[in-house]
Every structure is written in C-alpha cells, then in structure tokens.
Amino acid sequence: MLCAQVHRLLDDLGVPFPKNFMSVAKTILKRLFRVYAHIYHQHFDSVMQLQEEAHLNTSFKHFIFFVQEFNLIDRRELAPLQDLIEKLGSKDR
C-alpha cells in the first residue's frame, strides 16, 4: 500500500513537483522508516533464518544516513530503532 501511494504521488512525469513536495517526501520517508521498524521488531528472526540480515542492515544504514544528512525525519521519530542506528553508525568510525 505504501509503494502504491508513493507511485500515485510521484508518477506524473510531466508535472513539476508540487509546492508541498518536501512535506510529502518527509511523510513518505517517515512511513518507510516505520516499515523498517516493523521488519526489525517483528520479522528479524525470519530475516536471519534467510541469512539476509547484512542486506537489510546495509539498506537501512543507507536510508538512515540519507534522512539524517538532509534532516528528513525528526530524531524523535527514529527512537524505536535508535540503538540500532547508533550501532550501525559507529561501525564507520
């Protein structure tokens, strides 16, 4: 459902970005963060059984670096995965 909504919002290539594009983009990214949080909290055992945790972690790490670099999600919204965010961020230092 999230992907379908994003597709509808951004699909019209002939139309310039709307004036509220930044607000729309932030909402999309906040919802995508919630998908990551759900996966980590409810399905991480399955991800590990499939031996795909490195792929999930890498995807999430890039996502977090992007949203933090451009301040696209309020830090309070990131609280459910803050420990993981700190852990993934500290591996680069």
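Q: Where does Gln68 lie, and what makes it buried, exposed or partly exposed?
A: Gln68 lies in helix α4 (helices, H or I of at least four residues, and strands, E of at least two, are DSSP runs numbered from the N terminus). Buried means under 20% relative accessible area, exposed over 50%, and partly exposed in between, with a 1.4 Å probe and protein chains only. The relative accessible area of Gln68 is 31%, so it is partly exposed. Before we go on: this is a predicted model, where local features need pLDDT of at least 70, side-chain atom pairs count only at pLDDT 80 or more, and totals for chains, interfaces and linings use all residues. Residues are numbered from 1 along each chain as its sequence is written, and side-chain values use heavy atoms, with hydrogens and water left out.

Q: Which residues does Gln68 touch, not counting residues up to four places away in sequence?
A: Gln68 touches Arg75, Leu78 and Ile85. Contact here means heavy atoms within 4.5 Å.

Q: How do you know whether Asn57 is buried or exposed, and what joins its side chain to that of Tyr40?
A: Asn57 has a relative accessible area of 18%, so it is buried. Its place is also in helix α4, which covers residues 53–69. A polar contact of 2.6 Å joins the side chains of Asn57 and Tyr40. That label asks for a pair of N or O atoms within 3.5 Å; within protein, one must be able to donate a hydrogen and the other to accept it, and residues adjacent in sequence count only if both atoms are side-chain atoms. Beyond residues up to four places away in sequence, Asn57 touches Tyr40, Phe44 and Leu88.

Q: How many salt bridges does the structure hold, and what makes Arg34 and Glu77 a salt bridge?
A: There are two salt bridges. In the pair of Arg34 and Glu77, the closest N and O atoms are 3.6 Å apart. A salt bridge needs a side-chain nitrogen of Lys or Arg within 4 Å of a carboxyl oxygen of Asp or Glu, so this pair qualifies. Arg34 lies in helix α2 (residues 21–42) and Glu77 in the loop between α4 and α5, so the pair ties together parts that are 43 residues apart in sequence. At 44%, Arg34 is partly exposed, and Glu77 is partly exposed at 31%.

Q: What makes Arg76 and Asp74 count as a salt bridge?
A: The side chains of Arg76 and Asp74 meet at 2.9 Å, N to O. Arg76 counts as exposed at 69% relative accessibility, while Asp74, at 36%, counts as partly exposed.

Q: What is the phi of Gln51, and why call the residue buried or exposed?
A: Phi of Gln51 is near 60 degrees, a positive value in a residue other than glycine. Most residues other than glycine have a negative phi. Gln51 sits in the loop between α3 (44–49) and α4, and its relative accessibility of 66% makes it exposed. Asn71 also has a positive phi, of about 50 degrees, although it is not a glycine. Asn71 is in the loop between α4 and α5 (82–90), and at 54% relative accessibility it counts as exposed.

Q: Which residues of the largest nonpolar core touch the most other members?
A: They are Phe33, Phe60, Phe63 and Ile64, out of 18 residues in that core. A nonpolar core is a set of buried Ala, Val, Leu, Ile, Met, Phe, Trp, Tyr and Cys residues joined through side-chain atoms within 4.5 Å. Helices α2, α4 and α5 each supply at least two residues of this core. Leaving aside neighbours within four places in sequence, Ile64 is in contact with Phe33, Leu78 and Ile85.

Q: How many helices and strands does the protein chain have?
A: The protein chain has five helices and zero strands. Buried residues make up 27% of its 93 residues.
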